[in-house]
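I opened this model to look up strand pairing, helix packing and a few single residues. My entries follow in the order I checked them.

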Amino acid sequence: MEKRLQNKIALITGGSRGIGAAIAKRFAKEGCHIAISFTESKEKALSLMNELKKEGVQTLAIQADQADPQQAANLSKKVGEHFGKIDILVNNAGVYAGGSIDDPNLDFDKISRLLAVNVGGVFATTHAAIPFIKGGGRIIIIGSINGERMTVPGGADYAATKAALVGYTHGWARDLGPKNITVNLVQPGPIDTDMNPDNTPYAEMIKKSVALGRYGKPEEIATAVAFLASQEASYITGATLTIDGGFLA
């Protein structure tokens with residue numbers, strides 16, 4: 001494999017499992033040194049770090065709750081100071097919470113955490129990372145097709161957090177363009193992960209709406225993210241890349 005990211009430094013939030021772990025593995029194969037954050041999956045994080053070291057890259061795992069702006073900011077600072085720079089920031093960490101707006105028992109604490117992680121955490125991590133990102137740097141945000149369309153009741157709050165990332169992508173691309181830092185958004189559709197397995201009754205229903213008739217794999221998202229992180233994507237910024245097997249087609 002061509003090592004397009006040789007000796008680059010990447011911070012991947014929520015990188016211990018699922019799409020985040022797949023991105024970390026792909027980046028490492030391309031020669032990138034990897035830092036990830038995790039909230040509770042310490043064993044998975046350490047196991048992943050050991051796996052990545054076999055690619056001959058440096059690794060760093062930091063426990064940080066993206067719902068806490070101070071922890072999110074400190075994460076970027078720790079990574080930047082440890083490696084001396086951050087070339088690629090992948091804002092991947094996210095949670096799901098739902099409920100209908102007309103539900104009198106709606107759990108406001110869960111919705112508040114949803115907003116804090118999916119929006120506030122992305123903002124705080126990015127803001128603190130900027131001093132360590134030089135010209136040619138990459139910021140890649142992992143959103144969701146639900147930012148464009150919510151297909152089930154009770155998902156409005158989650159959809160709103162993902163729609164907010166579209167606005168950040170467009171705005172930050174303008175803010176950081178003069179510094180030659182690109183900002184792009186990847187919107188996965190149904191992807192087979194621990195949180196969203198492809199072998200449930202819900203998954204079977206969703207597959208009927210997917211043009212390719214299947215769930216995607218985390219590695220298929222990682223491939224696109226690696227491209228956006230590379231020099232080959234130097235003239236792409238403010239863009240939204242939807243990877244959903246044709247779900248929205």
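In which helix does Thr 161 lie? I found Thr 161 in helix α5. I note first that this is a predicted model, where local features need pLDDT of at least 70, side-chain atom pairs count only at pLDDT 80 or more, and totals for chains, interfaces and linings use all residues. Residues are numbered from 1 along each chain as its sequence is written, and side-chain values use heavy atoms, with hydrogens and water left out. Helices (H or I, at least four residues) and strands (E, at least two) are DSSP runs, numbered from the N terminus.

I looked up the accessibility of Thr 161. It counts as buried because its relative accessibility is 0%. Buried means under 20% relative accessible area, exposed over 50%, and partly exposed in between (1.4 Å probe, protein chains only). Next I listed its contacts, where contact means heavy atoms within 4.5 Å. Leaving aside neighbours within four places in sequence, Thr 161 touches Leu 114, Leu 115, Asn 118 and Val 119.

I then checked the two helices. The axes of α4 and α5 come within 9 Å and cross at roughly 15°. Axes are lines fitted to C-alpha atoms, for helices over the stretch in contact, and angles run from 0 to 180 degrees between N-to-C directions. α4 and α5 are therefore roughly parallel to each other. Angles under 35 degrees count as roughly parallel, over 145 as roughly antiparallel, 65 to 115 as roughly perpendicular and the rest as oblique. The crossing of α4 past α5 is right-handed. A crossing is left-handed if the near helix is turned anticlockwise from the far one by less than a right angle, and right-handed if clockwise. Residues making this contact include Ile 111, Val 122 and Phe 123 of α4 and Tyr 158, Leu 165 and Trp 172 of α5.

**Entry: the sheet**

I traced the strand order. An open sheet of 7 strands runs β3-β2-β1-β4-β5-β6-β7, with parallel pairing. Two strands pair if DSSP finds at least two bridges between them. β3 (59–63) and β7 (240–243) stand at the edges with a single partner strand each, so one side of each has no neighbour in the sheet. The twist averages 15° from one strand to the next.

Strand β2 (residues 33–38) runs parallel to β3 and is joined to it by 5 bridges. Ser 37 has Ile 62 as its bridge partner in β3. α5 packs on the sheet and touches β5, β6 and β7, and its direction makes about 160° with that of β6. Back at β3, Ala 61 is the bridge partner of Ile 36. From β2 the chain crosses through helix α2 (residues 42–53) to β3, a right-handed β-α-β crossover. A crossover is right-handed if, with the strands pointing away from the viewer, the path from the first strand over the helix to the second runs clockwise.

**Entry: β5**

Are the residues of strand β5 buried or exposed? In β5 (residues 138–142), 5 of 5 residues are buried. In a regular strand the side chains alternate between the two faces of the sheet. Arg 138, Ile 140 and Ile 142 are buried on one side of β5, and Ile 139 and Ile 141 on the other.

I checked both partners. Strand β4 (residues 88–91) runs parallel to β5, with 4 bridges between them. Val 90 has Ile 140 as its bridge partner. The β4-to-β5 crossover goes through helix α4 (residues 108–129) and is right-handed. β5 also pairs in the parallel sense with strand β6 (residues 182–188), over 5 bridges. Arg 138 stands opposite Thr 182 in β6. The crossover from β5 to β6 goes through helix α5 (residues 156–176) and is right-handed.

**Entry: Ile 86**

I found Ile 86 in the loop between α3 (69–83) and β4. It counts as buried because its relative accessibility is 1%. Its C-alpha atom is 7.9 Å from that of Lys 134, with the two residues 48 apart along the chain. Beyond its neighbours within four places in sequence, Ile 86 contacts several residues, among them Ile 9, Val 79, Phe 132 and Lys 134.
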